[in-house]
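My entries follow in the order I made them.

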Amino acid sequence: MLVKRSPDLTYKDVTPKGAYANRRNFLLGLLATTCAVAGWKKFSYLVSGPGTGSVPVKLNGVVKWPYSTTEKETSFNDVTHYNNYYEFGTDKGEPAENAKNFVTMPWSVSVEGEVKKPRKFSMDEILKLAPLEERIYRHRCVEGWSIVVPWIGYSFSTLVKLVEPTSKAQFVAFESFYEPKQMPLGVSAGIELPYVEGLRLDEAMNPLTLLCVGMYGATLPNQDGAPVRMIIPWKYGFKSAKSLVKIRFVQNQPPTTWNIANAHEYGFYSNVNPNVDHPRWSQAKERRIGEFLRRPTLMFNGYGDQVASLYNGMDLKKYY
């Protein structure tokens, strides 16, 4: 099979005593039913095979990033079957099925706001902005699970420098694609759509902040955020907006989807912090997908040496 080199790659290729007993029996029955359903979903997941999203196209000429974690990678099958992508369903296994017909070609990302050179980038242009790097990052979800994924992309700062933010630009706002005809489950997602996220400009400029176009050696599957997404490894996974269509440089802190939905539970910063519990569960430990035992959660997801200085003097229990 002929494989094109990266510079020539296009995205085309690319829930009295008798009453008590009855209540107890009802609850036990409900628990048994819930476990059975969960067990069936888990069984179905295990035997379902590879993800049914878009067929990834191999990315050639990808450079190994020397600062990647040496931890064992999570399997491709797990990462493509256990997804948070509410536009395609709120159950972890739904996006792989429901995103299979998601149209990601042609695609462009509009960059606007407080910049000297606003412009739209096609996917072909995004793929060619800088040499592609394979970065094996830890990825921590707020629900308590984690993965290790070989993401492919380059530092987001590459794009930032091209559009030249003005002195008024203090934050970067991200917007994901939303089109009800392609994403009919979005109306029952329980969150406002389109999905929006944001970073401080200095966070966005940190070398770890990744403009991601692939994983496991190929382009992104639909359920994992094709064709282009953000990866911010020291923050909880919901900060890493998928299927980007708009990037805006703004003066004031932008709204973010989960903060809009429930500000008490989801702050703007969303740094991985084992000392700050989610109101409904502890964040002190996590479970790596594919493993049985839980492990301690690391401050900043283990990236403190690279990012802790961004928050000097800040009360990280207040600015969660």
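**Entry 1: a proline in a loop.** I began with Pro-227, which sits in the loop between strand 9 (218-219) and strand 10. Strands here are DSSP runs of E with at least two residues, helices are runs of H or I with at least four, and both are numbered from the N terminus. I checked the peptide bond from Ala-226 to Pro-227: cis, with omega near 0 degrees.

**Ground rules.** I noted that this is a predicted model, where local features need pLDDT of at least 70, side-chain atom pairs count only at pLDDT 80 or more, and totals for chains, interfaces and linings use all residues. Residues are numbered from 1 along each chain as its sequence is written, and side-chain values use heavy atoms, with hydrogens and water left out.

**Entry 2: another cis bond.** I found a cis peptide bond between Met-105 and Pro-106, with omega about 0 degrees. Pro-106 belongs to the loop between helix 3 (94-98) and strand 2 (108-113).

**Entry 3: a lysine.** Where is Lys-242? I located Lys-242 in the loop between strand 10 (229-231) and strand 11 (244-250). Lys-242 is buried but has no salt bridge. Buried means under 20% relative accessible area, taken with a 1.4 Å probe on protein chains only. A salt bridge needs a side-chain nitrogen of Lys or Arg within 4 Å of a carboxyl oxygen of Asp or Glu. I looked for the nearest side chain of opposite charge and got Glu-87, 7.0 Å away. For charge, Lys and Arg count as positive, Asp and Glu as negative; His and the chain ends are not counted. I then listed contacts (heavy atoms within 4.5 Å). Leaving aside neighbours within four places in sequence, the partners of Lys-242 include Asn-84, Tyr-85, Ser-176, Asp-224 and Arg-229.

**Entry 4: positive phi.** Phe-300 is not a glycine, and its phi is positive, near 55 degrees. Phe-300 lies in the loop between strand 13 (295-296) and helix 8 (304-307). I read its relative accessible area as 5%, so Phe-300 counts as buried. Asn-301 also has a positive phi, near 60 degrees, and is placed in the loop between strand 13 and helix 8. Asn-301 is buried, at 2% relative accessible area.

Entry 5: In what order do the five strands of the open sheet run? I traced 3-2-11-6-7, with mixed pairing. Strands pair if DSSP finds at least two bridges between them. Strand 3 (119-122) and strand 7 (196-200) are the edges, each pairing on one side only. Strand 6 (residues 171-176) runs antiparallel to strand 7, and five bridges join them. I picked out one partner: Phe-171 bridges to Arg-200 in strand 7.

Notes
Buried means under 20% relative accessible area, exposed over 50%, partly exposed in between (1.4 Å probe, protein chains only).
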